[in-house]
Amino acid sequence: MNQDKIGKFLASLRKENNLTQEDIAEKLNVNVKSVSRWENGRNLPDHSVIVEICKIYNISINEFYNGNKIKKT
């Protein structure tokens, strides 16, 4: 598990969905600084928040921890 890779993945997903860090923070009921820390690879969210992030971005838990989308065959 590479926190830096996960952070970059989260930032790219947010930008693809035309969302700001403030938008994500509001949806997850967390501080904007927390979102920034996740995207900079300094921290990871709690598991319950990870589940909500996956719902927002329509990704699996495995994709979250891999830091990229997994091609479905």
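**Figure 1. Helix α3 and the glycine that follows.** Gly41, whose phi is positive, near 75 degrees, follows α3; helices here are DSSP runs of H or I with at least four residues, numbered from the N terminus. The model is a predicted one, in which local features need pLDDT of at least 70 and side-chain atom pairs count only at pLDDT 80 or more, while totals for chains, interfaces and linings use all residues. Residues are numbered from 1 along each chain as its sequence is written, and side-chain values use heavy atoms, with hydrogens and water left out.

**Figure 2. The buried side of α3.** Ser34, Val35, Trp38 and Glu39 are the buried residues of α3 (residues 32–39), where buried means under 20% relative accessible area, exposed over 50% and partly exposed in between, with a 1.4 Å probe and protein chains only. They lie on the same side of α3 because they cover an arc of only 135 degrees around the axis, the arc being that of the directions from the helix axis to the C-beta atoms. The buried residues of α3 pack against α1 (3–16), α2 (21–28) and α4 (47–57), and contact means heavy atoms within 4.5 Å.

**Figure 3. Helix α1, its ends and its cover.** The 14 residues of α1 should span 20 Å at 1.5 Å a residue, which agrees with the 20 Å between its end C-alpha atoms; the expected span is 1.5 Å times one less than the number of residues. At the start of α1, a side-chain oxygen of Asn2 comes within 3.0 Å of the backbone nitrogen of Asp4, and α1 is followed by Asn18, whose phi is positive, near 50 degrees. The buried residues of α1 are Ile6, Gly7, Phe9, Leu10, Ala11, Leu13 and Arg14, and their cover includes α2, α3, α4 and α5 (61–66).

**Figure 4. The largest nonpolar core.** Leu10, Trp38, Ile53, Tyr57, Ile59 and Phe64 touch the most other members among the 17 residues of this core, a nonpolar core being a set of buried Ala, Val, Leu, Ile, Met, Phe, Trp, Tyr and Cys residues joined through side-chain atoms within 4.5 Å. Two or more residues come from each of α1, α2, α3 and α4, and the largest share, five residues, from α4. Not counting residues up to four places away in sequence, Ile59 touches Phe9, Leu13, Cys54, Phe64 and Lys69.

**Figure 5. Glu63 in helix α5.** Glu63, placed in helix α5, counts as buried at 5% relative accessibility. A polar atom of the Glu63 side chain lies 2.9 Å from the backbone nitrogen of Ile70. Leaving aside neighbours within four places in sequence, Glu63 is in contact with Phe9, Asn68, Lys69 and Ile70.

**Figure 6. Asn43 in the loop between α3 and α4**. Asn43 counts as partly exposed, at 36% relative accessibility. Not counting residues up to four places away in sequence, Asn43 touches Gln3, Arg37 and Trp38.

Key
Polar contact = N/O pair within 3.5 Å; in protein donor to acceptor, adjacent residues only side chain to side chain.
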